[in-house]
Amino acid sequence: MTTTQVTALLPMIATGGFAVVVLLLISIKRMHSLTSALTIAGFGAALFLLFYIRPLLPIDVTGLIVMDGPAYIYITIILGSGLVASAIGYGYLERQDEHKEEFYLLLLLASTGASVLSAASHFASFFLGIELLSVSIYAMSAYITARPRSIEAGVKYLILSAVSSAFLLFGMALLYGETGVMGFAGIAEALRSGSASPAILAGLVMIIVSVGFKLALAPFHLWAADVYEGAPAPAVAFIASVSKAGVFAVLSRFYFASGFHSIQDVGVIFISLAVASMFVGSLLALLQENVKRLLAYSSIAHMGYLLIALLARGDGAERSGAIYIAAYAVTSLGAFGVIASLSTGRGDADRLGDFRGLAWSRPWTAAVFGAMMLSLAGLPLTAGFIGKLLVAASGVGDGLWTMVISLVISSVISLFAYLRVVMEMFRTEEASFVNGITPLDSYVLGILMLSLFMIGVYPAPLISAVDSLIALK
Amino acid sequence: MLILLLVSIPIIGGIVAWAAEKAGTSWPRWVSIFALGLDIIMMIPVLSAIPHSRGVWSAEFRAEWISAIGASIHLAIDGMSLLLVILTLFLGMISVLCSWTEIRERVGFFHFNLLWTLSGIIGVFTALDLLLFYFFWELMLIPMYLLINIWGHENRVYASYKFFIFTQAGGLLMLVAILALYFIHKEQTGAATFGYADLLGTRLSPETGMLLMLGFFAAFGVKIPALFLHTWLPDAHTEAPTAGSVILAGLLLKTGAYGLLRFLIPLFPDAAREFAAVGMLIGTAGILYGAVLAFAQKDLKRLVAYTSISHMGFVLLGAFAGNELSLQGCVMQMLSHGLSTGALFIIVGAIQERLHTRDIGRMSGLWQAMPRMGGFALFFGLASLGLPGMANFIAEFLVLIGSFRVSVPLTVIASLGLIASAVYSLWMIQRVFHGSPSHETPPDISFRETMVLLSMMLPILWLGLFPQTALRVSSSSIEAIAQHRLSHSMDYPGPGSGGLR
């Protein structure tokens, strides 16, 4: 391992290192504000280092990890989202009767895991990254021990996630048994030389099941609503942004680098998963009375839309996926950020009724939340519009008509769900939540809303940045 | 640059109006008037430089937008857009004035939504990039939705949902069609662009052309509204506040008609010709259906809403008949329907403000108490039934002569709509303003309302007496559309090349 290779890993080393520092600090003295500041500094340092290693791309590190353009994009999204999640976590945790500091430790560890995941080019790093991410998420979901729902969420995620990890391992073992290699590139070579044997396909299907579980694709979505509902809002914000970005990154790398995209049947599996997710997500979102559950189903539908970018073969498809993830991360951080900032120590502000009349009692908060809802619905001026436009374009460009038409129908259905939330905010009754929003929260939400509109109105700089990075492979 | 300001002044004005609410409730109204007035002043130089030859645009503005996918900010005005932009600004001003006393709550936010809707509409009328067009198309929905949802009448939530879902579903189908057209063009020429002029010559196989045309028709047909896609309209128009109804009937429906003329027919001439018979049939059926249902309404506002379906049927008929006369009739119908129906909605709004009901059964002999309003109502009722000397007559007459050349039977049937419209208009006047006066004696219309209605009366008369002034402005754009319609994209090289994979 050369110095350059170590340098390329600096962002991951930084988040990991700061996790150790935070751990030590907690064992010496519990100070919420210092821990939080240190975490934010950690994410900031990692982002800065990321900027610093940009000229090194693309670089292969030890055969386990490859720092290339796509990895760089997803790690940027992950670190940025981690930073935002820890910032919105501060005010939220301040109002809880819990030990607050460990949450930041988990955030840093999970982000490290997700970063490793996005750069993984080998089964070892794939598994290591996904476990580091998931194990931290169990603890984050169950963090508010005073709430039975939170513990339920943690346990539910723990059990189902463990099963999916077993699937992942079994799938990897099958692939290894057939091909004798664990690196993605090696698998591609083995596939090219011989036809795909049933064992390889079985292994691949198992890996798809596991990844489908982590992304909450239908029919592996059953955990999503309960975990979103029970877990504390900042943790959900993290799950919806970082976890999705990391897992999608590894999925698209594995799918293309291992050469599975050339097998027709695999495409059919993904199309069915995508269409099922779109309809399950948008239809079940209609029935929800709880905003966090509603957003859980919305995320299921959105992951379905995202799969279009994975399957489409045109020039812009990879770009569409990255921008979709970025837009979705901004949107869900904003939405859960509002929920977190309105929540009290007694519970999260997640019932529809909690948002009643918000537009009149708290116009700015309502504006942010409304903008996030419109972005989820994919309406113009917001980032969600650009994301959906690009994804639909790559689908149309490759003639994936089943998925594109499903996207249209499912978008119309899910409009009902988002409009219900918007409508609730414009009801004239008084709002039931009265606690004030901390200044930090309002800055963070303001920045999120600005970036939402920036991406939505003038996405050219973002697109060209993503394009120039994707070229680095 | 001028035209960019035209779109962005209402956007900025909206934000200022919202913020100005803190200074007092009349501030947002004045800010809106000022913003729209500024826009109107800016139209003067454009007005003096209308291009009279085909395919020439004035006040063009072009800038990079999302260059990676070939979308640009390309705005321009020709004769047809000019007339519609003027109509937009005029009716925008009218809507601010007519909600002066009706809207008393959350005035700032109301005017914010009003101005943003107008900005979206102006954008739709001037965009020459298909993606930008879609952007504006969707942009006007959200504020319109909020206008109905917050300031509407009893059943507003249901109506606003229905409005939003219908228009959004149509819009998304259009987006898919736009994207498909974009990729087909890219495959044929190698150039990735959403530019209107570039996409015009795209060669399409008959099946693909028909599918894409139907995608566009889904969006425009909902807005116009074409029969079968119209069910959102009576609810939305009835439940919206007066200003919302004026904008819906006067402008939003026109965006659909405009899209038909500007985009659907020129982009898919073959498919449009093939679809013409069906389109004209839907239009004719809509004329009669709207008229008959208008006659059956008990709710005064709903009655006016159904007349819209009937009048807009003429636009559909004229657009698909597709010769210069009928197309000119369409443009004239857009203007005259915007003015006369807008005015009728204002009158209904004023009645509701005084009587707190829209039930025709509870109105009688209002002329006694409100002679001035009665006079105006009679005038706009007559305009609506197409009395010669008023704009609606010219419009419907032109559409009918134009379509006579294409299909005699449909034209004969459509003419029956004129009789039906006479029936419902006169019946409405009779029931509401004549008969024994009720016990209530509501105050007659105020000076402000008189001026508003008077200012809508004059252009109707002007366009009716001197239609040539407007026809001349739009003639070059109409010629271009009629030309495109006749053009063949028949040099289609055969199946396999040019379609989608």
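Tutor: Two residues are in contact if their C-beta atoms, placed from the backbone, lie within 7 Å; helices are DSSP runs (H or I, at least four residues) numbered from the N terminus. This is a predicted model, in which local features need pLDDT of at least 70, side-chain atom pairs count only at pLDDT 80 or more, and totals for chains, interfaces and linings use all residues. Residues are numbered from 1 along each chain as its sequence is written, with chains lettered from A and ligands numbered from 1 in the order in which they are written.

In chain B, helix 10 (residues 232-239) is mostly covered, with eight of its eight residues buried (20 or more other C-beta atoms within 10 Å of a residue's own). Among them are Trp232(B), Asp235(B), His237(B) and Glu239(B). The cover over helix 10 of chain B includes helix 6 (141-151), helix 7 (156-189), helix 11 (242-267) and helix 13 (300-321) of chain B.

Elsewhere in chain B, the axes of helix 14 (residues 324-355) and helix 19 (residues 447-465) come within 10 Å and cross at roughly 155°. Helix 14 of chain B is therefore roughly antiparallel to helix 19 of chain B (an angle over 145 degrees). Residues of helix 14 of chain B, including Leu335(B), Leu339(B), Ala343(B) and Ile346(B), meet residues of helix 19 of chain B, including Val452(B), Met456(B) and Ile460(B). The residues of this contact divide into twelve nonpolar, three polar and one charged; Ala, Val, Leu, Ile, Met, Phe, Trp, Tyr, Cys and Pro count as nonpolar, Asp, Glu, Lys and Arg as charged, and the others, Gly among them, as polar.

Key
Axes are lines fitted to C-alpha atoms, for helices over the stretch in contact, and angles run from 0 to 180 degrees between N-to-C directions. Helices (H or I, at least four residues) and strands (E, at least two) are DSSP runs, numbered from the N terminus. Angles under 35 degrees count as roughly parallel, over 145 as roughly antiparallel, 65 to 115 as roughly perpendicular and the rest as oblique. A residue is buried if 20 or more other C-beta atoms lie within 10 Å of its own, exposed if 12 or fewer, and partly exposed in between; C-beta atoms are placed from the backbone.
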